[in-house]
Amino acid sequence: MALKRNFQQLDTFSMSSMTDVIFLLLIFFMVTSTIIFPGAIDVNLPQSSEQTTLKPLTEVYIDADNNLYIVVDRNDSTNVLSIPKPVNIEALDRELTAVQAADSTRAVALYADSTVRYARVVEVLDLAARRNLHMVLSTSAKEVKP
């Protein structure tokens with residue numbers, strides 16, 4: 001004896017699983033967007049009319065309070081930014097020696113605040129020159145007046 005079940009077809013589509021997926025995507029994008037930050041050190045760069053396309057992997061920062069920071073091996077392929085590490089002049093010398101040992105043709109970017117004394121900038125440039133590293137002074141684009 002075969003029992004027959006009555007199945008009723010629904011004319012509506014359940015959107016509950018779709019809203020779950022959308023909320024999960026929203027949460028994912030909110031969490032990943034807070035991980036990326038534009039820059040950790042606030043440096044007011046001097047202006048210049050010349051710009052370079054060179055993207056150094058090692059960055060040295062001098063903020064307005066003459067504090068030194070270094071970012072080594074920023075990896076552009078994964079879009080992950082390294083956090084600048086505060087250093088003194090001796091630690092910066094050791095870090096630049098390690099950079100030179102890894103690759104002596106690597107360029108190092110120097111981001112110095114426009115209020116920093118010139119002697120402090122030359123001190124960092126001298127450290128890089130003693131290691132035979134190419135130092136690139138970073139500036140902001142000069143504003144064009146109409």
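Trainee: First up, does N132 count as buried or exposed, and at what relative accessibility?

Mentor: N132 counts as exposed, at 57% relative accessibility. The cut-offs are under 20% relative accessible area for buried, over 50% for exposed and partly exposed in between, with a 1.4 Å probe and protein chains only. Before we go on, this is a predicted model, where local features need pLDDT of at least 70 and side-chain atom pairs count only at pLDDT 80 or more, while totals for chains, interfaces and linings use all residues. Residues are numbered from 1 along each chain as its sequence is written, and side-chain values use heavy atoms, with hydrogens and water left out.

Trainee: Where is N132, and what is its phi?

Mentor: N132 is in the loop between α3 and β6. Its phi is near 60°, a positive value in a residue other than glycine. Helices (H or I, at least four residues) and strands (E, at least two) are DSSP runs here, numbered from the N terminus.

Trainee: And what about N66, what phi does that one have?

Mentor: N66 has a positive phi of about 65° and is not a glycine either. N66 sits in the loop between β2 and β3, and at 26% relative accessibility it counts as partly exposed.

Trainee: Is R120 buried or exposed?

Mentor: R120 is buried, because its relative accessible area is 19% and the limit for buried is under 20%.

Trainee: OK, zooming out. How many helices and strands are there?

Mentor: The chain has 3 helices and 7 strands. Starting at the N terminus, the elements go α-β-β-β-β-α-β-α-β-β.

Trainee: What order do the strands take in the sheet?

Mentor: It's an open sheet of 5 strands, ordered β4-β3-β2-β5-β6, with mixed pairing. Two strands pair if DSSP finds at least two bridges between them. β4 (85-87) and β6 are the edge strands, each pairing on one side only. On average, neighbouring strands of this sheet are turned by 30° against each other, direction ignored.

Trainee: In what sense does β5 pair with β2 and with β6?

Mentor: β2 and β5 pair in the parallel sense over 5 bridges, and β5 and β6 pair in the parallel sense over 4 bridges. V108 is a handy landmark: in β5 it is the bridge partner of T58, and in β6 its own bridge partner is M135.

Trainee: How does the chain get from β5 to β6?

Mentor: It crosses from β5 through α3 to β6, and this β-α-β crossover is right-handed. With the strands pointing away from the viewer, right-handed is when the path from the first strand over the helix to the second runs clockwise. α3 lies across β2, β3, β5 and β6, and runs at about 150° to β6. Axes are lines fitted to C-alpha atoms, for helices over the stretch in contact, and angles run from 0 to 180 degrees between N-to-C directions.

Trainee: Switching to the core: which elements supply it?

Mentor: For the largest nonpolar core, which has 20 residues, β2, β3 (68-71), α2 (89-102), β5 and α3 (118-130) each supply at least two. α2 gives the most, with 5 residues. Such a core is a set of buried Ala, Val, Leu, Ile, Met, Phe, Trp, Tyr and Cys residues joined through side-chain atoms within 4.5 Å.

Trainee: What is V60 in contact with?

Mentor: Setting aside neighbours within four places in sequence, the contacts of V60 include Y69, L92, L110, Y111 and V124. V60 is among the residues with the most contacts inside the core.

Note on methods. Contact means heavy atoms within 4.5 Å.
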